[in-house]
Amino acid sequence: MMESLANFIILLILCTGAFAQNNGKCDFENPSGLCGYTQDTTDDFDWTRKNGATSSTGTGPSSDHTTSTGSTVAVYTKLSAQPGSATALGQKCAFPFTYRGATYTKCTNTRHTALWCSTTSTYSGKWGNCQPTGWYVYIEASGRTTSHVARLISPTLPATNSSCVRFWTHMWGPHIGALNVTMNASSTQVVWSKSGTQGNQWTQRKIDVNSTTPYNLIFSASRGIGYRGDISIDDIEITKGSCSFDPNLCTFEKDWCNYVAAGRWIRRKGRTPSGSTGPSVDHTTGSSAGYYIYYETSGAQKRNATATVQKNFTANGPKSCLQFWYHMYGRTVNTLNVYTIQNGKQLRIWSRSFNQGNTWYKAQTTVNITQGKYTLMFEAVRGTSFQGDIALDDINMKTGECILPGDCTFQTSLTTADCLWNNVAQGDKFDWIANSGGTSSYLTGPSADRKGSSSGKYLFIETSSPRQTGDKAWLISDYFNKSVSCFTFWYHMYGSSIGSLNIYQQPLGGQKVLLWKLGGNKGNKWFSGQAMADFSLKQHRIIVEGVRGSSYQGDIAVDDFKFRSGRCSIVPASASPTTPPTQTPTAKPTTAPPSNTGYNCNFESGLCSWTQTTARDKFNWTRNQGSTSSGGTGPSSDHTLGNSNGWYMYIETSSPRRQGDNARLVSDFIPSTLGTSGRCLTFYYHMYGYHTGTLNVFIKTGNHLTNVWQLNGTQGNNWLQAKTTLVSQAHFQVIFEGIRGQGYQSDISIDDVTVTRGACTYSSSKCTFEDSKVCGFTQVTDGTDNFNWIRKSGRTSTPNTGPTADHTIKTSTGFYMYAETSSPRRTGDKARLQSPQQQPA
């Protein structure tokens, strides 16, 4: 009896140990048994365990996920028979181990021709040759037929009321099929799904699972339409509890998260009951097994009927950023509003109307409440029929104000980034892809992001098969509620068959309008671009369209989107939609170039009377023709002649130059302006490059320097004119100072410098207020205002308000007009400035 009991206890311990090992966790380093995962015998082909890159170019990872992150992994001996009579095949190395009195913490080739290890802490004859680390499993798409499926089945896992499955996927290549995760072999219930290329990167996925009985997970990968469709997985881990550790994130997978519904809001998975409206999958898992909430518009409901869902919050600190995903699909979709309610005051902070297509979109808006209790309320408004379902998922409240929508460096995937750009599900033919390093095709696409980093991310269109000439990929922004009008971005258009890159603006519920268009091979360089939108539209979005050319050598990339208020010119000018598509040689200036004498200099024959300073700078200006030596910075021609034969001056910011190094170019002495209105310095400058630093203009009298003009940062790949009035009671010199930015793409150039008698004049439609006569503007004296505007340079008199410099020359010597609101001014007091009478246009 005691012997039977002992055997039972031993059997129980062995079974328990086996169950603990088969907990679903796997990094695929162990060559024996795939951690208990098994190949399905009823599918079309098997998953392959792999180390290093897959066999096909342009698809699959170059390494596994585990070791690429620097994680320490167990080392195993090789599973196959090896020379040397190894006695422990496919076993875990025991580190440290002792052999012949020495201790080893890694594999060794001591007394052997290959790296080996002991599988016991003290060598006892159990040993094997070490296998390399860094393993994953993948489907090899070569030699397979479209839609062939490979299934990998987990060990049997215990029943759970809440567990989180985490795993990493790599789905890169133009022919990627689909990866699905289901529960139990007999079930067709998909709990997670993703299809199409996701970029050349490992991405973590999460699934919340629950089951009242023991279950298996099945990873099912299907082959796409071609051989470049390898799908990989690595680092599977299953833990107790929900994946959503953030208490402010609601995925609706388990319940309503304390949101309270009034009206026909319903928590649901799968499709909504009505056709041609509502989502078919949730956002969290991308499958029909995931939950979301939606407003059901069927039944006896009137037009403009509303339903709300709300939750109470308490603010105690900074502003918050509300982020959520919405789905507004249907012919008669009306409106989704978001409100905050505090102390009986209801404030709408976000709104969206009309059919947005059968796609989940990310939205965000700042909650400005910082103290006290308040209610967050989502309100859905019904349209004219049942085809107006509106859905919500993944609602999150983050600390801190939201970033400006649209600004994006694309360092994280589109689905996780805060920058609110999305591929669309309908209307185009394929998607933009996040990538780092080079694209998969030869002689097209960039080799690094626009900052020159091979690990940095950018977006591109993959134009290899099955893409065809004219196929389009759309990337759309969220709708802007602010007056944001200037869109800046970087683009890369390299390849013999580049199609076109187009920028559109689309008002809410309206048709898209072309703002910017560029086509053809631009060389293997990143360029900065600008487009101007109509800022009078309160809600509009931007569409970035890549169009495939005639072959696979047509990859187009974009990076570093940024929006700002105010007007800007189209960069390059050839991208204007009204500009003829054929390029013409740059026209010579219609005005005569400045004489090449004294301090008037076009640098065609030398430096005229300008000289390099020998003190207080680190390096010299360089006289140059054509392009500068670095890509992505500097001009390609001078300003005077507009071609590669003309000369200009520039600062070369490549090594050994460092951030903050300066170069100064000084004029001959210029007579004082005593008894005159001054002298006008006019010059052309070129400030183009990601790292562009600063260009200063100083007046030097004796040892004293006065900054009269300054500009920082990249201004686009073009020559621009600048003017500033010089005033000095003594003879003086002008100094141009270029300061290197944080990197080599910081070349700054000048050309066509003139100094003429009299203050600078500007077009009649422009007033810089540099002239004390303020261009004929006058204070209103008819009694309709209470005080006057003031002409000012430098700071205003009150701290923490007003500018520190003007806009024209951007220094404390430049003038502007301002209203001084200190005492005795009171709330509502007005100051009015009246222009001179204008002639009809």
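Residue numbers start from 1 along each chain as its sequence is written. Because the model is predicted, local features need pLDDT of at least 70 and side-chain atom pairs count only at pLDDT 80 or more, while totals for chains, interfaces and linings use all residues.

**Stop one: Cys 107 and Cys 130.** Select this pair to find a disulfide (cysteine sulfur atoms within 2.5 Å), with the sulfurs 2.1 Å apart. The torsion about the S-S bond is -100 degrees, a left-handed link. Cys 107 is buried, at 18% relative accessible area, and Cys 130 is buried at 12%; buried means under 20% relative accessible area with a 1.4 Å probe, protein chains only.

**Stop two: Cys 321 and Cys 402.** Here the S to S distance is 2.0 Å. This disulfide is right-handed, because its torsion is about 105 degrees. Cys 321 is buried at 5%, and Cys 402 at 14%.

**Stop three: Cys 680 and Cys 760.** Next, pick this disulfide, whose sulfur atoms lie 2.1 Å apart. The torsion of about 100 degrees makes the link of Cys 680 and Cys 760 right-handed. Both Cys 680 and Cys 760 are buried.

**Last stop: the cavity.** Now select Tyr 326, Lys 362, Asp 478 and Arg 541, which are among the residues lining the largest cavity. A cavity is a set of points on a 1 Å grid over the protein atoms alone where a 1.4 Å probe fits but cannot get out, and lining residues have an atom within 4 Å of a point.

Key: Heavy atoms only, no water. 1 Å grid on protein atoms, 1.4 Å probe; cavity = no way out; pocket = protein on both sides within 12 Å on 5 of 7 lines; lining within 4 Å. Buried < 20%, exposed > 50% of the residue type's maximum accessible area, 1.4 Å probe, protein only.
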